[in-house]
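Subject: Structure for you to look at

Hello,

Here is the structure I said I would pass on. Please open it first, then read the notes below it.

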Amino acid sequence: PYLFLAVLWILSISSWRSNTHAAAASHSRDGESYLYNTKDAGPVLDHGLSGSDFTKSASPKVVEFYDPKCGACQAFKSNYVEVAKKVIAQKPNVEFYGVSCEAHRSICDRYGDRSVPKILAFPGASTEPQGGIEVPKGAGTIYFLSGRLMKALRTAEEIASDAEKLGSEEAPKRRLEDKFD
């Protein structure tokens, strides 16, 4: 009788494990591949969901490339949402997107290396990879990250105005070389 019970116990465990893995896989296909598909995502749109596509937007935009299984990406989510709110309060025309590298591998490959989370700011309508400015998320607070994003999202007019204030013709040329403090 003990052998029979042991066999039943082993079969029940293997059946439970296979059902758990099947449920996890189907759950992943139904939305677990995205971080910003929840109500707490605020102004951040997940690329590919509800018709959102950052490559078709003509607005200035900030895009975070992430892996939904990455612990750093999951931890950064609430900061990214807060930064989005802070930047949009100052520049309401800026859009914020998240791109799941699990769901959109080809897009993540097109925009550079596979280190995540990665943030690119696109100050104009272009979404060409070379037009994006990589903004380091750094170890600073939301205040510092939003400041770095505001700097990266400056328009040509704002850069020229900054150059006039500084009295330097070199300032516009240094846009991509600016250090993010």
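Cys-70 is buried, with a relative accessible area of 18%; buried means under 20% relative accessible area, exposed over 50%, and partly exposed in between, with a 1.4 Å probe and protein chains only. Cys-73 is also buried, at 0%.

This is a predicted model, in which local features need pLDDT of at least 70 and side-chain atom pairs count only at pLDDT 80 or more, while totals for chains, interfaces and linings use all residues. Residues are numbered from 1 along each chain as its sequence is written, and side-chain values use heavy atoms, with hydrogens and water left out.

The structure has one disulfide, that is, a pair of cysteine sulfur atoms within 2.5 Å. Cys-101 and Cys-108 form it, with their sulfur atoms 2.1 Å apart. The torsion about their S-S bond is about -90 degrees, so the disulfide is left-handed. Cys-101 is buried at 5%, and Cys-108 is buried at 5%.

Lys-77 lies in helix 2, residues 71-90; helices (H or I, at least four residues) and strands (E, at least two) are DSSP runs, numbered from the N terminus. Lys-77 is buried, with a relative accessible area of 13%. Its side chain makes polar contacts with those of Thr-38, at 3.1 Å, and Asp-40, at 3.3 Å. A polar contact is a pair of N or O atoms within 3.5 Å; within protein, one must be able to donate a hydrogen and the other to accept it, and residues adjacent in sequence count only if both atoms are side-chain atoms.

Regards
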